[in-house]
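Subject: Handover of a structure, with notes

Dear colleague,

Please find the structure below, together with a short account of what was found in it. I would be grateful if you could read the notes with the coordinates open.

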Amino acid sequence: MEHKGTCLLETDRLYLGRFTMKDVHAVYENWAKDPHVTKFLSWPAHVDPDLTRQILLEWIESYLKPDFYQWSITLKDCPENPIGTISAVKIDEELGSISIGYCLGSAWWNRGIMTETLSAIISFFFEQVGANRIEACHDTENPASGKVMQKCRMRYEGTLRQGGKNNRGIVDLAVYSILAEEYATL
């Protein structure tokens, strides 16, 4: 793979870019403090903006690494207001495999935003980075996340029984993936 780092990407409705320290308030208010958003995630809702600030600082420092991918999701009509994030949570160089994680503020759910975002990230990793496999998983009690993966032409591979831990405890994980050869024929 030829890593490019967190590049600015654009879709019909969205900008996917790097976070800045100006984003602390929006990240905290739009999703990080919301236990409804973090229910199926592995990190707890932020109790104050100081934690959000610390995490953003770590991400911003990590942008120097070419294999670090952490995008802010913003609507084109309001680019100064991040509404979610998508990232490469695990990269396996030997397999050419990238695992994706994402979250979106609940005020923007059910609008196709995450499907548009994930689709753009899949294209980026296959076309620009040269990935062989892109995968994602979700808590089986969160089927909406699986629908996003399906709409992005990812295939269901199976369920890892008690294969993950999130804010609900130990959970079953549904695994989806798409291969470069499949992407090329779609």
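At the start of helix H3, a side-chain oxygen of Asp 48 comes to within 2.8 Å of the backbone nitrogen of Asp 50. Please bear in mind throughout that this is a predicted model.

Helix H3 itself runs over residues 49-62 and has 14 residues. From its first C-alpha to its last it reaches 20 Å, close to the 20 Å expected at 1.5 Å a residue. Four residues of H3, namely Thr 52, Leu 56, Trp 59 and Ser 62, are buried. They are on the same side of H3, because the arc they cover around the axis is only 120°. Among the elements that cover the buried residues of H3 are helix H1 (24-32) and strand E3 (70-75).

The structure holds 11 aromatic pairs. One of them joins Phe 19 and Trp 59: the ring centres are 5.1 Å apart and the planes stand at 40°, so this pair is tilted. Phe 19 lies in the loop between strand E2 (14-17) and H1, whereas Trp 59 belongs to helix H3, so the pair ties together parts that are 40 residues apart in sequence. Both Phe 19 and Trp 59 are buried.

A further pair is formed by Trp 71 and Phe 125, whose ring centres lie 5.8 Å apart with their planes at 70°, so the arrangement is edge-to-face. Since Trp 71 is in strand E3 and Phe 125 in helix H4 (residues 113-129), this pair ties together parts that are 54 residues apart in sequence. Trp 71 counts as buried because its relative accessibility is 0%, and Phe 125 counts as buried at 0% relative accessibility. These two residues also belong to one aromatic cluster, which Tyr 69, Trp 71, Phe 124 and Phe 125 form together.

Two further details may be of use. The charged end of Lys 76 sits over the ring of Tyr 15, at 5.7 Å from the ring centre.

Yours sincerely

Notes
Residues numbered from 1 in each chain as written. Predicted model: local features only at pLDDT ≥ 70, side-chain atom pairs only at ≥ 80, totals over all residues. Heavy atoms only, no water. Helix = DSSP H or I, 4+ residues; strand = E, 2+ residues; numbered from the N terminus. Expected span 1.5 Å × (residues − 1). Buried < 20%, exposed > 50% of the residue type's maximum accessible area, 1.4 Å probe, protein only. Arc of directions from axis to C-beta. Contact = heavy atoms within 4.5 Å. Polar contact = N/O pair within 3.5 Å; in protein donor to acceptor, adjacent residues only side chain to side chain. Phe/Tyr/Trp six-rings, centres within 6.5 Å; stacked < 30°, edge-to-face > 60°. Lys NZ or Arg CZ within 6 Å of the ring centre and 35° of its normal.
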